[in-house]
Amino acid sequence: MTRHTMLHEQMAKFYSGFRRDAHPMAIMVGVVGAMSAFYHDSTDIADPWQREVASIRMIAKMPTIAAMAYKYTIGQPFVYPRNDLDYASNFLHMCFSVPAETYEVNPILSRAMDRIFTLHADHEQNASTSTVRLAGSSGANPFACIAAGIACLWGPAHGGANQACLEMLKEIGSVDRIPEFIARAKDKNDPFRLMGFGHRVYKNFDPRAKVMKQSADEVLDLLGIEDNPVLQVAKELERQALEDPYFADKKLFPNVDFYSGIILEAMGFPTSMFTPIFALSRTVGWISQWKEMLAEPGHKIGRPRQLYTGETLRDYVDVENR
Ligand SMILES: CC(C)(COP(=O)(O)OP(=O)(O)OC[C@H]1O[C@@H](n2cnc3c(N)ncnc32)[C@H](O)[C@@H]1OP(=O)(O)O)[C@@H](O)C(=O)NCCC(=O)NCCS
């Protein structure tokens, strides 16, 4: 894994084909899809060894691809991976170091990054994972399947929740406006919800959020939040909502997206990088599910069925009489 971090040098040229204001997710869909044109020795999906190689390549190169997408959009030179660093530290190095200065990865930040990667690695049959499985079930090229997963994750209903949470914190803007937004979240006639609170599956608490909160506290202690109004609002909103009986009664707790957004903001990532970081983490889950499916003897192409619920009989009307 550690020795496959570099991208084919020719692939760096793909980046310059994108506008510099392209969303990093758009770049990732394109570059990961393009890997299918570069690594022909690992695309025979009937060969378990080639599947293994494709999987290692995918997981090893994804941080490089995401970091290069980031560097491209901010106009800084690409930073090559360092194989003496661990996975999370190497990603931070590729995102934040510049040739002009020495960059030391802080162990607290790298630990928080590692936790974000680990907690987002897999979450059973969510939309993007099912997309990867469905694409892979036809025998498609492994890199193309992961590109399909990235495309699906891009949507705000899936990978975009931590971004939505940060946007909400920015909209709140200052600590004194928190009661107003809490009141709106409780108002039945107002569609506003507190982003980063509640979960469809975890009704008591989101176990991932517990771990993320610990990291958020460590990172905020390290970096300080005095100069960052978004982080000040986040801390105070968490406190006020947890004390409010409305949220306690409905079992609404901050979820993993609430804390991961805060950590990434504190680390200095722009919100446009939140979903690419999710994609890079989820690659581990996507590729594992893809491998598991193909290793199953007699696996078949996925074929969801459709139930027609429209009219059963409609009279034909001539075009000139419509
Ligand atoms: C995640 C979410 C979609 C789960 O929804 P759900 O399981 O369908 O729960 P419901 O929508 O049935 O909500 C149950 C009750 O809590 C309220 N509620 C749920 N989430 C809320 C929130 N974030 N803010 C305010 N009220 C909320 C609902 O209004 C509902 O109230 P009611 O019983 O009086 O009608 C929902 O909590 C939400 O929209 N959260 C914000 C978005 C978010 O953070 N998403 C990332 C999830 S990892």
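This is a predicted model: local features need pLDDT of at least 70, side-chain atom pairs count only at pLDDT 80 or more; totals for chains, interfaces and linings use all residues.
The chain has 14 helices and zero strands, and 47% of its 322 residues are buried. Along its principal axes, the C-alpha trace spans about 70 × 55 × 45 Å.

Helix H2, residues 24–34, and helix H3, residues 48–74, have axes that come within 9 Å and cross at roughly 135°. That angle makes H2 oblique to H3, and the crossing of H2 past H3 is right-handed. Which residues of H2 and H3 meet there? From H2 they are Pro24, Ile27, Met28, Val31 and Val32, and from H3 they are Met58, Met62, Ile65, Ala66, Ala69, Tyr72 and Thr73.

H5 passes H13 in a left-handed crossing, whereas the crossing of H2 with H3 was right-handed. On the H5 side the contact is made by Leu109, Ala112, Met113 and Ile116, and these meet Ser260, Ile263, Leu264 and Met267 in H13. The residues of the contact divide into seven nonpolar, one polar and no charged.

Two of those residues come up again if we look at Ser215, which is found in helix H10, residues 207–223. Is Ser215 buried or exposed? Its relative accessibility is 1%, and because buried means under 20%, Ser215 counts as buried.

Now to helix H8, residues 161–172, where the length can be checked by simple reasoning. At 1.5 Å a residue, the 12 residues of H8 should span 16 Å, and the C-alpha atoms at its ends are 17 Å apart, which agrees. Within H8, the buried residues are Asn162, Gln163, Cys165, Leu166, Met168, Leu169 and Ile172. What covers them includes helix H9 (178–186), helix H11 (229–243), helix H13 (256–267) and helix H14 (274–295). After H8 comes Gly173, whose phi is positive, near 80°.

Asn228 lies in the loop between H10 and H11, and with a relative accessible area of 18% it is buried. Glu9, by contrast, sits in the segment before helix H1 (12–15), and at 46% relative accessibility Glu9 counts as partly exposed. How far apart in space are Asn228 and Ala266, which are 38 residues apart in sequence? From C-alpha to C-alpha, Asn228 and Ala266 are 8.4 Å apart, while Glu9 and Ile45, which are 36 residues apart in sequence, are 25 Å apart in space on C-alpha atoms.

Note on methods
Residues are numbered from 1 along each chain as its sequence is written. Side-chain values use heavy atoms; hydrogens and water are left out. Axes are lines fitted to C-alpha atoms, for helices over the stretch in contact, and angles run from 0 to 180 degrees between N-to-C directions. Helices (H or I, at least four residues) and strands (E, at least two) are DSSP runs, numbered from the N terminus. Angles under 35 degrees count as roughly parallel, over 145 as roughly antiparallel, 65 to 115 as roughly perpendicular and the rest as oblique. A crossing is left-handed if the near helix is turned anticlockwise from the far one by less than a right angle, and right-handed if clockwise. Contact means heavy atoms within 4.5 Å. The expected span of a helix is 1.5 Å times one less than its number of residues. Buried means under 20% relative accessible area, exposed over 50%, partly exposed in between (1.4 Å probe, protein chains only). Ala, Val, Leu, Ile, Met, Phe, Trp, Tyr, Cys and Pro count as nonpolar, Asp, Glu, Lys and Arg as charged, and the others, Gly among them, as polar.
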